[in-house]
Amino acid sequence: MSEPTQPDPSELTYEQARDELVTIVQRLETGGTTLEESLALWERGEALAEACQRWLDGARARLDGAQDEKGSNDAT
């Protein structure tokens with residue numbers, strides 16, 4: 001019996017990706033998984049971490065853009 005297909009990390013919200021990543025880290029720290037399971041969890045965690053970083057980078061870019069826009073409006 002195979003596990004249900006997990007959603008692509010790029011389709012998750014930041015909060016969903018972060019929460020799943022926290023769960024994976026906890027499972028890896030607890031142990032009790034086979035090597036194959038651990039590798040699959042690690043790979044999923046890496047993909048989730050990348051998705052979270054993209055969300056954070058996008059948020060930073062939006063904030064920087066808003067600050068630049070505000071600065072341009074204040075200068076006029």
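The protein has two helices and zero strands. The radius of gyration is 18 Å, well over the 11 Å that the globule rule gives for 76 residues, so the protein is more spread out than a compact globule. The model is a predicted one. Along the principal axes, the C-alpha atoms fill a box of roughly 65 × 25 × 15 Å. Of the 76 residues, 13% count as buried. Contacts between residues at least 6 apart in sequence were also examined; 68% of them join residues at least 24 apart.

Helix H1 covers residues 14–30. At 1.5 Å a residue, its 17 residues should span 24 Å. The C-alpha atoms at its ends are 24 Å apart, which agrees with that expectation. Gly 31 follows H1. The phi of Gly 31 is positive, near 80 degrees. Helix H2 covers residues 35–75.

The largest nonpolar core holds six residues. They are Leu 12, Ala 17, Ile 24, Leu 41, Leu 48 and Cys 52. H1 and H2 each supply at least two residues of this core. The largest share, three residues, comes from H2. Leu 12 is one of the core residues. Residues up to four places away in sequence aside, Leu 12 touches Pro 7, Ala 17, Glu 20, Arg 44, Leu 48 and Trp 55. Two of these partners, Ala 17 and Leu 48, belong to the core as well.

Arg 44 lies in helix H2. Is this residue buried or exposed? The relative accessible area of Arg 44 is 10%. The cut-off for buried is under 20%, so Arg 44 counts as buried. Its contacts, again without residues up to four places away in sequence, are Gln 6, Pro 7, Pro 9, Leu 12, Glu 20 and Ile 24. Leu 12 and Ile 24 in this list are also residues of the nonpolar core.

The side chains of Arg 44 and Glu 20 meet at 2.7 Å, N to O. Arg 44 lies in H2 and Glu 20 in H1, so the pair ties together parts that are 24 residues apart in sequence. Glu 20 is also a contact of Leu 12.

How many salt bridges does the model contain in total? The count comes to three. Besides the pair of Arg 44 and Glu 20, there is a bridge between Asp 19 and Arg 18. The closest N and O atoms of Asp 19 and Arg 18 are 3.1 Å apart. Asp 19 has a relative accessible area of 42%, so it is partly exposed. Arg 18 is partly exposed too, at 33% relative accessibility.

The remaining bridge joins Arg 60 and Asp 64, with a distance of 3.6 Å from N to O. Both residues lie in helix H2. They are four residues apart, about one turn of the helix. An α-helix has 3.6 residues a turn, so residues three or four places apart point the same way. Arg 60 is partly exposed, with a relative accessible area of 47%. Asp 64 is partly exposed as well, at 32% relative accessibility.

Gln 16 lies in helix H1. With a relative accessible area of 42%, Gln 16 is partly exposed. A polar atom of the Gln 16 side chain lies 2.8 Å from the backbone nitrogen of Thr 13. Gln 16 and Leu 48 are 32 residues apart along the chain, and their C-alpha atoms are separated by 9.3 Å. Leu 48 is a residue of the nonpolar core.

Trp 42 is found in helix H2. Is Trp 42 buried or exposed? Its relative accessibility is 53%. The cut-off for exposed is over 50%, so Trp 42 counts as exposed. The C-alpha atoms of Trp 42 and Gln 16 are separated by 17 Å. These two residues are 26 residues apart along the chain.

Notes. Residues numbered from 1 in each chain as written. Predicted model: local features only at pLDDT ≥ 70, side-chain atom pairs only at ≥ 80, totals over all residues. Heavy atoms only, no water. Expected span 1.5 Å × (residues − 1). Core = buried A, V, L, I, M, F, W, Y, C linked by side-chain atoms within 4.5 Å. Buried < 20%, exposed > 50% of the residue type's maximum accessible area, 1.4 Å probe, protein only. Contact = heavy atoms within 4.5 Å. Salt bridge = Lys/Arg side-chain N within 4 Å of Asp/Glu carboxyl O. Polar contact = N/O pair within 3.5 Å; in protein donor to acceptor, adjacent residues only side chain to side chain. Rg over C-alpha atoms; globule rule 2.2 N^0.38 Å.
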